[in-house]
Amino acid sequence: MSRNLPLGPACEPFGNADAEVVKNGLHTTAGRGYLVGMNAISPVVLRPDIQALAQSIRHCTALDALPLSLNDAQWSNLAQYLQPTSLSQGQSLFAQGIKSRSVYFVESGSLAVHYEDSRSRVRFAMVGAGSLLGEGSFFSHLPRSASVQAGSECRLWCMTALRFRELSARHPDVALDLSLAMAAVLARRMQNKPKRVAVT
């Protein structure tokens, strides 16, 4: 079915213009990060373009909501390893059977997941803002188990496997929290039969 649809925008890492926001000497106070300089302490301002994703995740109440709780400094660190992308309604994100381990975090919109078995029977699930797609292949290293299309205008944030390794090396606390949150979504979907198809 949707295997022949064109793929959505490619997921590429940010360029060199996105320098690290938080380096040595980071402190956190009441969930807010601070950079310590020679004579002053400057607050770490959460990047405007990542704020909407953080809010979507915090307020999502779906079964497969991403249970990720980061402070502003950690969100700023994570943002350096994510690539934003947008899809129009009906546009394909990826097709069943392709090899990719990228993970997509949904900031806004909804996406339809379609799984087609060997008898051409199709199973279907919807994924909305505050959740993610791609965790199945990320952990299993196997091809995509289903196809995904935008059910509406969508904004997503992509993390490649390479960028996750870089995150793990530079910010292991954020990488650990993120991997545990993704694993929690996978487990919840596997325990809920209608949602299993969403494990892509």
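This is a predicted model: local features need pLDDT of at least 70, side-chain atom pairs count only at pLDDT 80 or more; totals for chains, interfaces and linings use all residues.

Q: What about Cys 154?
A: Cys 154 has a relative accessibility of 4%, so it counts as buried.

Q: OK, charges. How many salt bridges are there?
A: The structure has six salt bridges. One of them joins Arg 58 to Asp 72, with 3.9 Å between the closest N and O atoms.

Q: Which parts does that pair tie together?
A: Arg 58 belongs to helix 1, residues 48-59, and Asp 72 to helix 2, residues 72-79, so the bridge ties together parts that are 14 residues apart in sequence.

Q: How accessible is Arg 58?
A: Arg 58 is partly exposed at 38% relative accessibility. Asp 72, on the other hand, is buried at 15%.

Q: What does Lys 195 meet in a salt bridge?
A: Its side chain meets that of Asp 64, at 3.3 Å from N to O. Lys 195 sits in the segment after helix 5 (172-191) and Asp 64 in the loop between helix 1 and helix 2, so this bridge ties together parts 131 residues apart in sequence.

Q: Are Lys 195 and Asp 64 buried or exposed?
A: Both Lys 195 and Asp 64 are buried.

Q: Which residues are linked with them in a network?
A: The network of salt bridges links Asp 64 and Lys 195 with Glu 135 and Arg 189.

Q: What about Arg 155 and Glu 107, how far apart are N and O?
A: The N to O distance is 3.1 Å in the salt bridge between the side chains of Arg 155 and Glu 107. Arg 155 is in strand 11 (residues 154-159) and Glu 107 in strand 6 (residues 103-108), so the pair ties together parts that are 48 residues apart in sequence.

Q: And how accessible are those two?
A: Arg 155 is partly exposed, with a relative accessible area of 25%. Glu 107 counts as buried at 10% relative accessibility.

Q: How many bridges pair strand 6 with strand 9?
A: Two bridges, in the antiparallel sense. Tyr 104 has Leu 133 in strand 9 as its bridge partner.

Q: Switching to strand 10. Which way do its residues point?
A: Ser 147 and Gln 149 point one way, and Val 148 and Ala 150 point the other way. All four of these residues are buried.

Q: What does strand 10 pair with?
A: Strand 5 (residues 92-94) is joined to strand 10 by two bridges and runs antiparallel to it. In that pairing Ser 92 stands opposite Gln 149. Strand 7 (residues 110-116) also runs antiparallel to strand 10, with four bridges between them. There, Leu 111 stands opposite Ala 150.

Q: How many bridges does strand 7 have with strand 8?
A: Seven, and strand 7 and strand 8 (residues 122-128) pair in the antiparallel sense. Tyr 115 stands opposite Arg 123 in strand 8.

Q: What sits in the hairpin between those strands?
A: Five residues lie between strand 7 and strand 8 in this hairpin, and Ser 120 takes a positive phi near 65 degrees.

Q: Last topic, His 141. What phi does it have?
A: His 141 has a positive phi of about 65 degrees, although it is not a glycine.

Q: Where does His 141 lie?
A: His 141 is in the loop between helix 3 (135-140) and strand 10 (147-150). It is exposed, with a relative accessible area of 54%.

Methods. Residues are numbered from 1 along each chain as its sequence is written. Side-chain values use heavy atoms; hydrogens and water are left out. A salt bridge is a side-chain nitrogen of Lys or Arg within 4 Å of a carboxyl oxygen of Asp or Glu. Buried means under 20% relative accessible area, exposed over 50%, partly exposed in between (1.4 Å probe, protein chains only). Two strands pair if DSSP finds at least two bridges between them.
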